[in-house]
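Visitor: Could you take me through the pockets of this protein, one after another, and explain the terms as we go?

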Amino acid sequence: MADPTSTPRPRGVTTDGALSPAASGSPEQVLRAALAECQAAQEALRHDATHDALTGLPNRVLFLDRLAHAVERGRRHKEFRFAVLSLDLDRFKTVNDSLGVRVGDEVIVDHARRLEQCVRGEDMVARLSGDEFAILLESLADDADAGRVAERMLRSLSHPVDTREGTVFSTASIGIVLSSSGLEAGDDANVRLLQQASVAMSRAKAAGRGRYEMFDRGMQARAMARLRMETDLRTAVERGEFELYYQPMVQLESGRVTELEALLRWRHPTRGIVPPLDFIPLAEETGLIVPIGSWVLADACRQVREWQERFPREEPLTLSVNLSVKQIAQPDFVAHMVGIVRTSGLDPRCLKLEITESIAIDDPERTRGMLDELRGLGVRMYLDDFGTGYSSLGQLHRLSLDAIKIDRSFVMRMTEGPMHWQLVHTVRNLARNIGVTVIAEGVETAEQLAELRGLGCESAQGYLFSRPVPAGEMERMLERDPRW
């Protein structure tokens with residue numbers, strides 16, 4: 001690198017003071033050479049401004065410009081068909097995080113070359129950012145051509161990549177929008193087409209990855225609805241629009257309510273109560289479940305501690321709270337949770353945390369260590385929705401669990417025939433053999449309750465006893481202290 005304090009030398013003069021080749025010859029030759037150098041520099045700047053530095057592919061600027069021309073051509077000539085593809089590598093962040101950015105760059109460059117080989121010379125492959133590519137297919141014979149190209153790309157990208165750190169496997173998700181879907185008026189039709197292809201690509205990811213989806217207007221409507229829901233959800237966190245409902249768990253030996261499960265509800269200012277399935281998955285995806293989950297834990301612990309003081313028992317009322325994968329992934333989760341419980345005054349032995357198998361699958365070693373730490377403090381662990389996952393027996397073996405909750409789909413059908421009854425019976429025997437308590441979910445009839453008592457299940461939960469209700473209604477139930 002040159003010394004920044006040195007005196008700049010005139011154009012065309014080398015470091016030893018001699019004239020460069022461009023400065024030699026007649027004045028006319030020198031001028032032509034200088035102009036040529038200037039034009040070359042301008043071309044290089046234009047190229048850098050419209051191309052990706054890593055792959056050499058066109059970038060977003062050049063792609064949108066080319067797409068704008070295709071849009072105009074399509075408006076003038078109805079027979080001209082084209083398609084826009086939005087392609088995103090699946091779980092590419094894992095490659096960067098585990099093998100490093102340099103290996104990630106190798107994969108990106110390799111895939112860029114493969115994509116170029118999947119299209120014709122008149123088509124365009126562009127890298128928009130990170131692991132996101134866009135493809136413009138022009139002069140299609142029919143709309144099905146776009147799907148065939150997408151399938152060719154998926155096959156090509158599924159082959160392994162040999163990198164300096166070993167072999168890397170990856171897949172991609174592709175969204176396709178066709179010009180035959182209609183070219184909307186306006187100067188930004190090219191931008192809208194790219195957005196629509198991206199919406200279809202997100203749909204492909206949601207549908208399982210490693211596939212392609214064709215855009216339709218319903219996708220756009222759903223994407224807009226999701227965006228509005230996400231905006232409303234963020235506002236709800238700021239405004240505190242959530243409240244807790246409680247559902248009792250009944251100890252079958254005494255028939256008495258001994259535990260409450262705290263369940264989240266969202267009281268939307270215009271939509272009223274929003275069902276959990278309508279917003280919990282979105283809260284998980286956006287990470288909003290972390291602050292929401294902290295509020296749930298704090299408010300539920302406070303409320304149950306108040307009820308313990310108001311309705312004292314020989315065995316105090318206990319609380320169960322559901323945990324999400326995102327909450328447990330927080331590095332300070334245990335310390336944060338302990339701080340909440342201590343602030344509430346609730347004895348940690350009165351707190352039960354409900355987890356699902358997916359929590360343990362992602363990072364089993366860390367999960368097991370964290371659960372052991374919590375159990376050392378007195379907190380108890382439940383495995384929720386037992387029987388619905390593919391690794392239930394494995395998780396029972398690996399995790400230090402205190403109870404399993406048999407999923408409602410088994411309990412609700414146990415009186416329909418011997419096979420369903422036998423499934424519940426088998427789970428109960430398994431739990432007894434490994435010293436784990438069984439809680440049956442979804443109890444709705446007296447017949448189901450009688451069968452569960454006969455099987456020796458310890459606790460049950462369901463509409464037979466009570467639907468989830470607001471704190472005020474639950475307080476009245478606790479005051480009545482009913483028996484079943």
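Visitor: How much space lies in the second largest pocket?
Guide: This is a predicted model, in which local features need pLDDT of at least 70 and side-chain atom pairs count only at pLDDT 80 or more, while totals for chains, interfaces and linings use all residues. Residues are numbered from 1 along each chain as its sequence is written, and side-chain values use heavy atoms, with hydrogens and water left out. A pocket is an open set of points on a 1 Å grid over the protein atoms alone, where a 1.4 Å probe fits, with protein on both sides within 12 Å along at least five of seven lines. Its volume is the space filled by probe spheres set on the points, which are joined across faces, edges and corners, and for the second largest pocket this comes to about 550 Å³.

Visitor: Which element gives the largest share of the lining of the second largest pocket?
Guide: Lining residues have an atom within 4 Å of a point, and of the 22 here, the closest to the centre are Gln251, Thr258, Glu315, Thr318 and Lys352. Strands (E, at least two residues) are DSSP runs numbered from the N terminus, and those giving two or more residues are S8 (242-251), S9 and S15 (437-440). The largest share, three residues, comes from S9.

Visitor: How many residues of the lining of the second largest pocket are charged?
Guide: Asp, Glu, Lys and Arg count as charged, Ala, Val, Leu, Ile, Met, Phe, Trp, Tyr, Cys and Pro as nonpolar, and the others, Gly among them, as polar. Beside seven nonpolar and six polar residues, the charged ones number nine.

Definitions and conventions. Helix = DSSP H or I, 4+ residues; strand = E, 2+ residues; numbered from the N terminus.
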